[in-house]
Amino acid sequence: MIIKCPYCGPRDVIEFTYQGDATRQRPDPASSDQIAWNAYVYDRANPMGSHREFWLHSGGCRQHLIVTRDMATHVISSVGFARDTTGTAKSGDRP
Amino acid sequence: MAEPQSALGHAFVPGDHGNAAGGIGITLHERAALSIVQVTAWRETIPAVVTAISNVTGLNVPDKPGAGRSAGEKSVFGFAPGRYFVVAQASDLEERLRSAVHLEAGTVINLTHGRTAIRVKGPWSEWVLSKLFAIDFSEHAFPVGFGRATLHHDIHTNIQRIDEETFDLYVFRTFARSFWLTLGHAAAEVGYRVE
Ligand SMILES: [Zn+2]
């Protein structure tokens, strides 16, 4: 499998580290809703088809990526920097 | 500053090796007495940092992924968004970058004592390096001046293309001796010279 890193270009999967399902929504950190936290930590849909996931380009630019990959065929339909596509906090920003 | 010692030790054997009778496919050389500094920009300060690096080194670095320049012993290249390798023989390189790149613009880390710089030159350099790194070394995919961050056997290496047949490799100092031996094994079939 080859992932086309938006910075480094096409690289073998051996350079990447899988970082899990990118569709999860973290509950409000102040929440003590155990069912919501349990779902966040453990429940995965595991679809046979398109899936949004985090990959770290650990053997290259070390950026976190969001990869949309078909779980049945491994065909990758999109790759982008995670910091450009998730949440409100931007990982490259200064605290 | 402490006198830098080569990490290659007894593995560094000048002369011709491998199938050298058939010609010298590549030449291996350790680039000594360098300063190697990493500069990292904040997300919104990349243009300012690129300008600062250009001012310090005199090398104009295009703000494009992996782009870089080299001239003589000086080199600059990007290897990740907002991250640059800056190399020169000047021992005050870190100091000069520090005064040009304030904390508001980015960070400066001196890697001099953590890296070994190896120059690979010759008509078979692409061929030999392709045995070690799973990237495309052809010139259209990896143009002159550009840099790459990649792996050999799961170990990080930064690579810059200096010209058509010349590459600079920056490997971790603690792995440099075994990497040097591996490079020699990979080069044996084409014949290589160590100088
Ligand atoms: Zn990358």
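Buried means under 20% relative accessible area, exposed over 50% and partly exposed in between, with a 1.4 Å probe and protein chains only. This is a predicted model, in which local features need pLDDT of at least 70, side-chain atom pairs count only at pLDDT 80 or more, and totals for chains, interfaces and linings use all residues. Residues are numbered from 1 along each chain as its sequence is written, chains are lettered from A and ligands numbered from 1 in the order in which they are written, and side-chain values use heavy atoms, with hydrogens and water left out.

**View 1. B:Ala33, a loop residue of chain B with positive phi.** B:Ala33 is exposed, with a relative accessible area of 55%. Its loop runs between strand S2 (26-31) and strand S3 (35-41) of chain B. Helices (H or I, at least four residues) and strands (E, at least two) are DSSP runs, numbered from the N terminus. Phi of B:Ala33 is about 55°, although the residue is not a glycine.

**View 2. A:Asn46, a loop residue of chain A with positive phi.** A:Asn46 lies between helix H1 (34-42) and strand S4 (50-56) of chain A. Its phi is near 50°, a positive value in a residue other than glycine. A:Asn46 counts as exposed, at 60% relative accessibility.

**View 3. Chain A as a whole.** Chain A holds two helices and six strands. From the N terminus on, the order is β-β-β-α-β-β-β-α. Chain A has 95 residues, and buried ones make up 34% of them. Contact means heavy atoms within 4.5 Å. Of the chain A contacts with a separation of 6 or more, 43% join residues 24 or more positions apart.

**View 4. Helices H1 and H2 of chain B pack together.** H1(B) covers residues 46-57 and H2(B) covers residues 93-100. Their axes lie 9 Å apart, at an angle of about 140°. Axes are lines fitted to C-alpha atoms, for helices over the stretch in contact, and angles run from 0 to 180 degrees between N-to-C directions. H1(B) and H2(B) are therefore oblique to each other. Angles under 35 degrees count as roughly parallel, over 145 as roughly antiparallel, 65 to 115 as roughly perpendicular and the rest as oblique. The crossing of H1(B) past H2(B) is right-handed. A crossing is right-handed if the near helix is turned clockwise from the far one by less than a right angle, and left-handed if anticlockwise. From H1(B), B:Ala52, B:Ile53 and B:Val56 meet B:Leu93, B:Arg96, B:Leu97 and B:Ala100 of H2(B). These contact residues divide into six nonpolar, no polar and one charged. Ala, Val, Leu, Ile, Met, Phe, Trp, Tyr, Cys and Pro count as nonpolar, Asp, Glu, Lys and Arg as charged, and the others, Gly among them, as polar.

**View 5. Helices H3 and H4 of chain B pack together.** H3(B) spans residues 125-132, and H4(B) spans residues 173-187. The angle is about 125°, with the axes 9 Å apart. H3(B) and H4(B) are therefore oblique to each other. H3(B) passes H4(B) in a right-handed crossing. On the H3(B) side are B:Val128, B:Leu129, B:Lys131 and B:Leu132. They meet B:Phe179, B:Thr182, B:Leu183, B:Ala186 and B:Ala187 of H4(B). The contact residues comprise seven nonpolar, one polar and one charged.

**View 6. B:Ser125, a buried residue in helix H3 of chain B.** How accessible is B:Ser125? Its relative accessibility is 1%, and B:Ser125 therefore counts as buried. The side chain of B:Ser125 reaches the backbone oxygen of B:Glu165 at 2.9 Å. Beyond four places in sequence, B:Ser125 touches B:Ile26, B:Val120, B:Glu165, B:Thr166 and B:Phe167.

**View 7. B:Ala176, a buried residue in helix H4 of chain B.** The relative accessible area of B:Ala176 is 0%. Leaving aside neighbours within four places in sequence, B:Ala176 is in contact with B:Ala7, B:Leu8, B:Thr116 and B:Val171. B:Ile118 is 58 residues away along the chain, and its C-alpha atom is 9.1 Å from that of B:Ala176.

**View 8. B:Ser75, a buried residue in strand S5 of chain B.** Strand S5 spans residues 74-80. B:Ser75 has a relative accessible area of 1%. Its side chain joins that of B:Gln160 in a polar contact of 3.1 Å. A polar contact is a pair of N or O atoms within 3.5 Å; within protein, one must be able to donate a hydrogen and the other to accept it, and residues adjacent in sequence count only if both atoms are side-chain atoms. Not counting residues up to four places away in sequence, B:Ser75 touches residues including B:Arg31, B:Leu59, B:Phe85, B:Val87, B:Ile162 and B:Tyr170.
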